[in-house]
Amino acid sequence: MLALNLEELVNNYLIIDCHIHLGSLSDLFIPSDSNNTLISILKRFGVKKAITATHRELSTVNYGFFELIELLNKYEDFLLGYLVFNPNFEDDSLKIIQKYFNHKSIMGIKIHPSWHLTYPFDKKYEKFWNFASENEIPV
């Protein structure tokens, strides 16, 4: 019988979790409210890098962005990030994206139409789609 050791198996691969969220969110179950704990769980399962947006980025434009940058600096050996475009604050969101999309740890832009209650083909997205297309930014 072949016995597989999970630790040996996952160490043979580069595992990148491309969709995590860090930070607290009151209406969502998260196994821990500690970013350190969540990152240590990911590492225990062989994840070498993770790409995150923060929960606060979904709700608050400036505060959420600064939280993301803090996390990227604190866990620079492990985390990469998504900026979030919020169509309800389209000008503020777009200014942040225009200024920071070339940051070494930013991998793309996240949109969340259901969270922001705005369809992605709404006029509020128009400037964003144009900018993302012109700059070949993954969304």
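A: Two strands are said to pair if DSSP finds at least two bridges between them, and the strands (E, at least two residues) and helices (H or I, at least four residues) are themselves DSSP runs, numbered from the N terminus. This is a predicted model, in which local features need pLDDT of at least 70 and side-chain atom pairs count only at pLDDT 80 or more, while totals for chains, interfaces and linings use all residues. Residues are numbered from 1 along each chain as its sequence is written, and side-chain values use heavy atoms, with hydrogens and water left out.

Four strands form an open sheet in the order 1-2-3-4, and their pairing is parallel. Strand 1 and strand 4 (106–111) stand at the edges with a single partner strand each, so one side of each has no neighbour in the sheet. From one strand to the next the twist averages 30°, where angles run from 0 to 180 degrees between N-to-C directions and axes are lines fitted to C-alpha atoms, for helices over the stretch in contact. Within the sheet, strand 2 and strand 3 pair in the parallel sense over three bridges, and Ala-50 stands opposite Leu-79 in strand 3.

Turning to helix 2 itself (residues 35–44), its buried residues are Asn-35, Leu-38, Ile-39 and Leu-42, with buried meaning under 20% relative accessible area for a 1.4 Å probe, protein chains only. Seen down the helix axis, these buried residues fall within an arc of 95°, taken from the directions from the axis to the C-beta atoms, so they line one face of helix 2. An α-helix has 3.6 residues a turn, so residues three or four places apart point the same way. The partners against which the buried residues of helix 2 pack are strand 1 (15–22), strand 2 (47–54), helix 4 (61–74) and strand 3 (79–85).

As for the ends, Ser-34 caps the N-terminal end of helix 2, with a side-chain oxygen 3.3 Å from the backbone nitrogen of Asn-36. Helix 2 is followed by Gly-46, which has a positive phi near 85°.

Definitions and conventions: Buried < 20%, exposed > 50% of the residue type's maximum accessible area, 1.4 Å probe, protein only. Contact = heavy atoms within 4.5 Å. Polar contact = N/O pair within 3.5 Å; in protein donor to acceptor, adjacent residues only side chain to side chain.
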